[in-house]
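The report that follows describes a structure through its elements, its surface and its contacts. Please keep the sequence and the coordinates at hand while reading.

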Amino acid sequence: YQRRVHGDQNDKTIKDLVFLLFDTSLLTSGFQLEDPTAYAERIHRMIKLGLSLDEEDEAPAPAPVAAPSASSAGSSMEQVD
């Protein structure tokens, strides 16, 4: 990372890492963050980077889950009045 810092002073990944380290140290010391939304966004960007996802990639919509019917014969749950 040292080469990246010296090579590009405006590297967003390096800035995110530095701010994450600082904000995390604030949290572990008992302080509150001024902008917790920005902290969460940085974490999300770092996770995307770690998973090699592009910023333009959208998460696929979750498949709808059918609710189990109340009359399913294989149910192992008790009926409660």
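## Helix H3 and its isoleucines

Ile47 lies in helix H3, where helices (H or I, at least four residues) are DSSP runs numbered from the N terminus. This is a predicted model, in which local features need pLDDT of at least 70 and side-chain atom pairs count only at pLDDT 80 or more, while totals for chains, interfaces and linings use all residues. Residues are numbered from 1 along each chain as its sequence is written, and side-chain values use heavy atoms, with hydrogens and water left out.

Ile47 is partly exposed because its relative accessible area is 45%, the class between buried (under 20%) and exposed (over 50%), with a 1.4 Å probe and protein chains only. Ile43 also belongs to helix H3, which covers residues 36–50, and it counts as partly exposed because its relative accessibility is 29%.

## A nonpolar surface patch

Together with Leu51 and Leu53, Ile47 forms a nonpolar patch on the surface, and the accessible area of these residues together is about 290 Å². Such patches are made of residues with over 30% relative accessible area and no salt bridge, nonpolar side chains (Val, Leu, Ile, Met, Phe, Trp, Tyr) being joined within 5 Å and like charges within 9 Å. A salt bridge here is a side-chain nitrogen of Lys or Arg within 4 Å of a carboxyl oxygen of Asp or Glu. Accessible areas come from the Shrake-Rupley method with a 1.4 Å probe, and for residues only the protein chains shown count as cover.

## Helix H2 and Asp16

Helix H2 spans residues 12–28, and its 17 residues reach 24 Å from the first C-alpha to the last, close to the expected 24 Å at 1.5 Å a residue; the expected span is 1.5 Å times one less than the number of residues. The buried residues of H2 include Thr13, Ile14, Leu20 and Asp23, and just after the helix Gly30 takes a positive phi of about 100 degrees.

Apart from neighbours within four places in sequence, Asp16 is in contact (heavy atoms within 4.5 Å) with Arg42, Arg45 and Met46. The C-alpha atoms of Asp16 and Ile43 are separated by 8.3 Å, although these residues are 27 residues apart along the chain.

## The chain as a whole

The protein chain has three helices and zero strands, a strand being a DSSP run (E) of at least two residues. Of its 81 residues, 14% are buried, and the chain exposes about 7,500 Å², of which carbon and sulfur atoms supply 56%.
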